[in-house]
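Visitor: I have a structure open and have not looked at it before. Can you walk me through a few spots?

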Amino acid sequence: MDGIFVFVNSSINLKMKNFTLVLALFIFSVTIAQEKNFIISGSVFSEETKRPLEAATVYLERIQDSTLVTYTIADKDGKFVLENKTADKHLNLYISFVGYKTFAQSIDLNSSEINLDPINMITDTNALDEVLVKSRAPITIKKDTLEFNVKSFKTKKDANVEDLLKQLPGVEVDETGKITVNGKDVNKILVNGKPFFGNDPTITTRNLTKDIIEKVQITDTKTKSEAYAGEKGNQDEKTINLTIKEENNKGVFGRVAGGGGTDERYEFAGMVNQFDNDRRISVLAGGNNTNSPGFSFGEIQKMFGRGSSMSFNGNGSFTIDGRSFGGGQGITTSKNAGLNYADKIGELVDVSADYFYAESDSENEELVRRENILPDSRYFTESNSTSYNENKSHSANIGLDVEIDSTFLINTTPSFRKNNSSTEFDKFETSRDELGVLTNQSLSSSFVESETTNFTNELALTKRFGNNGAFLKFNLDNEIRKTDTDDYLLSEVNIFGDNPDDILRDQYKDGDLDYKNTSATATYRLPLKSKEMYLDFGFNYRSDISESKENTFDYNAVDEGYTDFNLLLSSDFFFKNSRNTPSIKFGLNKEKWNFNIKSSYVFRTMENIDYLRPNLSLTRDFKALELSSYLNYRFSPKSSVYGGYNLTNSPPTISQLQPFADVSDPLNIVVGNPSLEPSNNHGFYGGYNAYDFQKGTGFYSHVNFNVRNNQVVTKSTVNEDLVRLTTFANVNGAYDAFVSGSYSKKVKIDSVQTMRYSGGVSFRTSKNINFNNDVEYASKVNSVTPRITMTYTWKDVMEFRPQYRVTFSRNDYDINEFEDTKFLTHNLNLRTTTYLPKHFEWQNDIAYNYNPNVSDGFQKSSWFWNSTLAYSFLKDKATLTLKVYDLLNQNTNARRVANQNFIQDSESTVLERYFMLTFSWKFNTLGNKGKTDGQGVFFMH
């Protein structure tokens, strides 16, 4: 009877669960069926001036819970159209514009088309009969700043800043954390106007939570000096500033995580932040042996880190704010810690500082096969190498801003870095002719230790004059760098054929490099028409001094030490590159467009002294004109077009100029050419960006074209023993072009489902002039890459994101001896995320890579599958995650590189499949989330 009762009870429970599910789906379908389409149009004007209010924000909210339904931006004529669908019969309409009271009106949706012409807005002065409420405008446009109200954009619970940014219109975030806004790269993220752990955006976006952020502000990137002086800054790059409301800006928050897995894989990370209004103190630490930076926590996609997330190159290295945390390809184990401090001292001084310590070790094995192309023949090389690298680094940075008075600002940013590294490297290489006959071979083993100390400082003084835009700026930048190297080499080179030779080396090399750089720039702005038209007069002096000494000693068996000085393999150079550059710049700033053109003239002197071979010393003088121009036209807050031209001059490097023969590699000898001339580059670029906030559509395009004159290229000859002699030469006729375009659209299927898709294509073409065994030839490379991405989101249920990219490329040569080549690669990515059942999150990253061009013996295709299952508990403060890296165990980094001189296939060590279980816990004592501040609102009755 008990068994029957249990069976019956279980059947009842199962039926109840099925009934509940069916009921939920029924209610959901009924709700969707009741939704109606609507169109609301109108025009917005100023009550006082009767002028249209371009860029006014128009948005609809539900009456019950103030949930945002849809929004748009008024055009240059003040017109707007809101299109969407809802099951509500009444909605609240709001219109917001800087300097005006927010307009509010209740909308009856009995009619599917509603016209509200005209709407007149009142300037922001308080009146006795007005009802004041808080503004919740999702978007506000303030001159050159685009501001988003965080509360208007819904995300999953426990979302971080990166999750938030992905919901903002016109903002794209890829798998590595790279951010673009309307097609332009974001290169800086600030928190309340100050840096947060340097310039690496992912430390901020992946470790700060959405619930403490009030506003997201997007502007053109400017230095503090440029912002203070009122300059335009870099209009091709964007800065994001995250503002935290005062009551959310005091307390302690952070998280800690740790995990272990198969193959002795592990990772741990922790971050603690104390915010007290202007004062911020943050501490972080991390470590792993999974090719990750160590600052990511054990949750979902962040688990896999930047070094291995959906990559096929197996590169275990990574860089944070210019600091290397890896040793190249292979498996990297890293540990790191950091401290960040920011504060405001009094009313006039802002200070920020950070310190980082990092250590890493990496190991790698690599196989390389290369087909070397000569005009009348070909030969083949194959190499096997192993390497082990250890690296330890310290870095400290300080930023200090002192506002002497309302017109004078001083900025200084000193930085200190120290790096110690050691590398063990072993390599065996063979060379064979077209018949497969062994021509030469080499075996080498080396051990290198180095220590580098580096100090830099940037000092900026900015003085403003009056209110018409006049200013005087002075910038002084300097760098002092010292590198000491100890290099032990044991090698044997065997040359066969008619002139056989065996070269044995057992050597020690003591290297010292001292580098000093000083750059001083003065700029005066002369307003011609207030802030609208101006002239900038500038002068720059720059000096680069390098003192490089390498003493090589051969092993002496009698002395049992490295005591025999080797003059042939030693060097002692002094190099100075100094230049004086006067410049003048004309600029014009209008409401819709801005334009500038700058002309500079460079006086350059390059001096090289060879203390060991005085007859090879040289001094060269160069003069060159440089030009730059830029034009930006804004059709509306939704679209703009830009273009520019640059003429730049690049001198040859000292290693290309000095006639010193570098014979450190007996099979590859390099000799400089003292007759080289500077190269000139003519660069043209332009683009068009458009984003429609109402329709959720974006179109971005970019074109870039460069023509190079007097380009410095290598000129190599290979003898019958396959020994290569390389020098350098100037050539003309090289160019490259790049054209890209992309389109994206976000479609709201219903109140809980959205579809976002994007597609694009890029085209590259280039012509290069080169030499091969003294034969000059041209090579043309053409490639086209179409791509498509789709993202389907069902709120709180699932997300589905497939992505496909294919690349067609072709290399053509103008000499018959070289064979034209074609290449084809396919990349397919699929990301799925499910949020059911409650408190669970299951994510899969699947990638397929197919490269049919690699030679036999290398893997042509692979499936790469990462999977994570996370469970949140303790009121979502704790997360337990199980992840599998490379579930199918097919990760590969086989790749082919082809150019005019060779076709190379390579493969090296990659991180293989492992399972890992991690635990993460977060804490937060910040104040209660505050309500959004805003302007006064008047209701239309």
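Visitor: Which residues form a nonpolar patch on the surface?

Guide: This is a predicted model, where local features need pLDDT of at least 70, side-chain atom pairs count only at pLDDT 80 or more, and totals for chains, interfaces and linings use all residues. Residues are numbered from 1 along each chain as its sequence is written, and side-chain values use heavy atoms, leaving out hydrogens and water. The patch is formed by Val256, Phe840, Trp842, Leu869, Tyr871, Leu880, Leu882, Leu917, Phe919 and Trp921, with about 850 Å² of accessible area together. Patch residues have over 30% relative accessible area and no salt bridge; like charges are joined within 9 Å, nonpolar side chains (Val, Leu, Ile, Met, Phe, Trp, Tyr) within 5 Å. A salt bridge is a side-chain nitrogen of Lys or Arg within 4 Å of a carboxyl oxygen of Asp or Glu.

Visitor: Which elements give two or more residues to the nonpolar patch?

Guide: Strands E47 (840–850), E48 (861–873), E49 (878–885) and E52 (914–924) do. The largest share, three residues, comes from E52. Strands here are DSSP runs of at least two residues, numbered from the N terminus.

Visitor: Where is Trp921 found, and how exposed is Trp921?

Guide: Trp921 is in strand E52. Its relative accessibility is 37%, so Trp921 counts as partly exposed. Under 20% is buried, over 50% exposed, and partly exposed lies in between (1.4 Å probe, protein chains only).

Visitor: Switching to rings. How many aromatic pairs are there in the whole structure?

Guide: A search finds 27. Rings of Phe, Tyr and Trp (its six-membered ring) pair if their centres lie within 6.5 Å; planes under 30 degrees apart are stacked, over 60 edge-to-face, the rest tilted. One of the pairs is Tyr488 with Tyr562, edge-to-face, at 5.9 Å centre to centre and 65° between the planes. That pair links distant parts of the chain, with Tyr488 in strand E28 (residues 470–495) and Tyr562 in strand E31 (residues 561–565), 74 residues apart.

Visitor: Which ring does the charged end of Arg370 sit over?

Guide: The ring of Phe902, 3.8 Å from its centre. Lys184 lies over the face of Tyr642, at 4.8 Å from the ring centre. The test is NZ of Lys or CZ of Arg within 6 Å of the ring centre and within 35 degrees of the ring normal.

Visitor: Now strand E51. Why is E51 described as largely enclosed?

Guide: E51 (residues 902–908) is largely enclosed by the rest of the structure because six of its seven residues are buried. E51 runs antiparallel to strand E23 (residues 349–373), joined by seven bridges. Strands pair if DSSP finds at least two bridges between them. Strand E50 (residues 895–898) also pairs with E51, antiparallel, over four bridges. Arg895 stands opposite Ser906 in E51.

Visitor: Last one: how many residues lie between E42 and E43 in their hairpin?

Guide: Four. E42 pairs with strand E43 (residues 753–772) in the antiparallel sense over 14 bridges, and Lys745 has Tyr757 as its bridge partner in E43.

Notes. Accessible areas come from the Shrake-Rupley method with a 1.4 Å probe; for residues, only the protein chains shown count as cover.
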